[in-house]
Amino acid sequence: MVKAKAGVNGSGRIEHLVTKAPFNSGKVDIVTISDPFIDLNYMVYMFQYDSTHGKFRGTIKTENGKLVISGHPITIFQERDPSKIKWGNAGTQYIVESTGVFTTMEKVGAHLQGGAKRVIISAPSANAPKFMMEVNHKTYDNSLKIVSNASRTTNCLVWPLRRNGRGALQNIIPASAGIAKAVGKVIPELNGTFTGMGFHVPTANVSVMDLTCRLEPATYNDIKKVAKWVSECPLKGILGYTEHQVVSSDFNSNPHSSTFDAGAGIALNSHFVKLISWYDNEFGYSNRVVNFMAHMASKELRPPDHQPQREHERKRETLTAGESLAHSVPTTVRISPPHSFHTGPLKREGPRVPHLVMHHQ
């Protein structure tokens, strides 16, 4: 498989994790980094050590003016102006824009002037098309030059975090509740179907989602069985599942976008349930950025007719057609559209509005 040649623009947490993630997945090659704020030697230190995710397990050094990670040389630029970064000279095709400053198509378009072919904004964007793996990624086509991977919390079906300028270590801080707007842009059919709120809590990393909703009759065991099956088949690697007595730190450096906590959920009755899901809002998101970049590359680096179809994708198509999955769940499971999953009883009723509560690190 031909891998995309990628570059990262930024100097923060997501830049570092997006750079490291491909060394585990092997899905893309990071060939350039642009960071105007730190010199090369300090960059080695920053990539080597991480108080949250631990020491990098590979090797990092400088050689001939480049950053070398596990024997892989990376060209370094130190430009603040995206239009002045010579991505093309280093063979860079895809850019992850992670500064948080350039989030509109107009501003991000400056990367294309330097020879980049496509740009992924690792943040919400006011006007760039938004895509999420296993949600709407199949609607992407390679006529698009600039896209957004939405926010970290939207990738766990929530909203962007906004801090209010108060002491983070002394307070639980209510966060902006823009969930309906954020998720609705990625999944239009969910517009107006739920509300939400969030709290910033003093932990180093990891967030938790609390989804409260009213459904047609279903047992909590049925919901658990469907969540477990989805985590093992169509959303394997995206959605996790656990029945252990876990706490937030157990999900540090977890690559899933969301992990369903079967033991923490509550069913008040067969209609009213509370579902809990955890996610590492740094590492999980960074892996989805890399996944989507690899998907974008697959649309142009090889003919569509020759793309291998994964087993779970064949299962998804079978289920969408209305067939049941034997030996897994007690009722027919449908994945239609790909972002939603439910057994027969778990149908959403129009006037009933689910509610999300998020607790952010």
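Reply: The protein chain has nine helices and 18 strands; helices (H or I, at least four residues) and strands (E, at least two) are DSSP runs, numbered from the N terminus. This is a predicted model, in which local features need pLDDT of at least 70 and side-chain atom pairs count only at pLDDT 80 or more, while totals for chains, interfaces and linings use all residues. Residues are numbered from 1 along each chain as its sequence is written, and side-chain values use heavy atoms, with hydrogens and water left out.

Some context for the whole chain comes first. Of its 361 residues, 52% count as buried. Buried means under 20% relative accessible area, exposed over 50%, and partly exposed in between (1.4 Å probe, protein chains only). The accessible surface of the chain is about 16700 Å², with 52% of it belonging to carbon and sulfur atoms; the areas come from the Shrake-Rupley method with a 1.4 Å probe, and for residues only the protein chains shown count as cover. Among contacts with a separation of 6 or more, 68% are between residues 24 or more positions apart, contact meaning heavy atoms within 4.5 Å.

Now the charged pairs. Side chains of opposite charge can pair when their charged atoms come close. The rule used here asks for a side-chain nitrogen of Lys or Arg within 4 Å of a carboxyl oxygen of Asp or Glu, and by this rule the count comes to seven salt bridges.

One of them joins Glu282 to Arg13, with 2.9 Å between the closest N and O atoms. The partners are 269 residues apart and link distant parts of the chain: Arg13 is in helix H1 (residues 13-20), while Glu282 is in the loop between strand E15 and helix H8 (283-301). Their cover is as follows: Glu282 counts as buried, at 7% relative accessibility, and Arg13 is partly exposed, at 31%.

In helix H8 itself lies Ser286, which counts as buried because its relative accessibility is 0%. Apart from neighbours within four places in sequence, Ser286 is in contact with Ile14, Leu17 and Val18.

A second pair sits between two strands. Asp210 forms a salt bridge with Lys274, the closest N and O atoms being 3.2 Å apart. Asp210 belongs to strand E11 and Lys274 to strand E15, so this pair ties together parts 64 residues apart in sequence. Asp210 is buried, with a relative accessible area of 13%, whereas Lys274 is partly exposed at 27%.

The two strands are also paired with each other: E11 and E15 (residues 272-279) run antiparallel and are joined by eight bridges. Strands pair if DSSP finds at least two bridges between them. Within this pairing, Met209 stands opposite Ser277 of E15. Strand E11 (residues 207-214) has seven of its eight residues buried, so the rest of the structure largely encloses it.

Lys228 and Glu232 meet in a salt bridge with an N to O distance of 2.6 Å. Both belong to helix H7 (residues 220-232), where they are four residues apart, about one turn of the helix. An α-helix has 3.6 residues a turn, so residues three or four places apart point the same way. Lys228 is partly exposed at 34%, and so is Glu232, with 43%.

There is also a network of salt bridges that links Lys3, Lys5 and Asp29.

Leu40, Met43, Val44, Phe47 and Gln48 of H3 are buried. They span an arc of only 130 degrees around the axis, which puts them on the same side of H3; the arc is that of the directions from the helix axis to the C-beta atoms. The cover over these buried residues includes H1, strand E2 (28-34), strand E3 (60-63), strand E4 (66-69) and strand E5 (72-77).

Tyr45 is also in H3 (residues 40-48), but counts as partly exposed, at 46% relative accessibility.
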